[in-house]
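Could you walk me through this model in the viewer, one selection at a time? I would like to know what to click on and what I will find there.

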Amino acid sequence: MRVYISVDMEGIAGVSHHKPTSRTDSEYPAAVALMVGEANAAIAGAMSAGATDILVNDSHGGMYNLTPAEVDPAARLLQGQKAWSMVAGAEPPADGSGPVFDVALFVGYHARAGHPTGTIAHTYTGGPTDTRLNGRATGEYGFNALVLGAWGIPVGLVAGDDALAAEVEDWLPWAERVVVKEGFGTSAAASLHPAKARDLVRAGAARAVQRARAGELRRLEVGPPVVIEVDYRRALEADFAAVVPNAERLNDRTVRHAGPDPVTAYRGFLAGVRLAATVE
Ligand SMILES: [Zn+2]
């Protein structure tokens, strides 16, 4: 079993405010240690269920957060500035030889932009205030599951707060949901102790790999067409996002990226969000 693990930081137990998630904060190393703990728990769970190859994609901020020597040597670690962002390393080879992983696990994930109680809820950057896939609000877990699904990989586990779990139940009902904290808005959470959170992540990862082997997981599929809409905080951000080829400006702050397939729509979305993040 080949296992892909995408690890974000805002959904990790013990992380409740956005400041420690940025590398200039004095509490950042402590947040990284918590992130490493849950990543290693997912690796251990996957190994216990028979994983033979594990790639951990460091999926937060600058994407070089996890301290390599602290990560379980059973996994390879993908870090740095990656064109495919939170799903990098899962792309199928150009020769058409098929999926490169059997299951994906999302650890440290969080609720979508605009969620009223989700801890540090956002979608990719601080720019979007709401993000929708074929008309339904979703977040990073949804867009990443969409692309991985197109690449032949089902999502088997999503770990984060209770707000995220409720969203995932709606979007990815086949996936294991691990709740490590209760969200109290953008900057507060009631968290399990990290040791308890790691136990839950380890057990959830093991179940996810077992269920992948049993063929109980599905790939997220929508459309065609596949339509991603983004509401931005500011019209200037939408101005920039709307420059992306085939983007459609719906109103002052909303941009639509549509495609005949998930990857085309996601490429437009990702390019738009990145362009919007460059405005001053
Ligand atoms: Zn995130």
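Two residues are in contact here if their C-beta atoms, placed from the backbone, lie within 7 Å. The model is a predicted one: local features need pLDDT of at least 70, side-chain atom pairs count only at pLDDT 80 or more, and totals for chains, interfaces and linings use all residues. Residue numbers start from 1 along each chain as its sequence is written.

**Whole chain.** Start by showing everything as a cartoon. The protein chain has 6 helices and 12 strands; these are DSSP runs numbered from the N terminus, helices being H or I of at least four residues and strands E of at least two. Along its principal axes, the C-alpha trace spans about 50 × 45 × 30 Å. A compact globule of 280 residues would have a radius of gyration near 19 Å, and the 17 Å of the protein chain agrees with that (taken over C-alpha atoms; the globule rule is 2.2 Å times the number of residues to the power 0.38).

**Two domains.** Next, colour 2-213 as domain 1 and 226-276 as domain 2; such bounds come from an automatic or database domain assignment. Their centres, over C-alpha atoms, are 24 Å apart. Where they touch, 16 residues of domain 1 are in contact with 17 residues of domain 2. On the domain 1 side, β5 (128-133) and α2 are the elements giving two or more residues, and β5 has the largest share with 6 residues.

**α2 and α6.** Now select residues 140-150 (α2) and 262-276 (α6), whose axes come within 9 Å and cross at roughly 140°. Axes are lines fitted to C-alpha atoms, for helices over the stretch in contact, and angles run from 0 to 180 degrees between N-to-C directions. That angle makes α2 oblique to α6 (under 35 degrees is roughly parallel, over 145 roughly antiparallel, 65 to 115 roughly perpendicular, and the rest oblique). Show side chains: Phe143, Leu146, Val147, Gly149 and Ala150 of α2 meet Pro262, Val263, Tyr266 and Phe269 of α6.

**α1 and α4.** Finish with residues 28-48 (α1) and 194-213 (α4), where the axes come within 7 Å and cross at roughly 35°. Among the contact residues are Leu34, Ala41 and Ala42 of α1, together with Ala197, Val201 and Val209 of α4.
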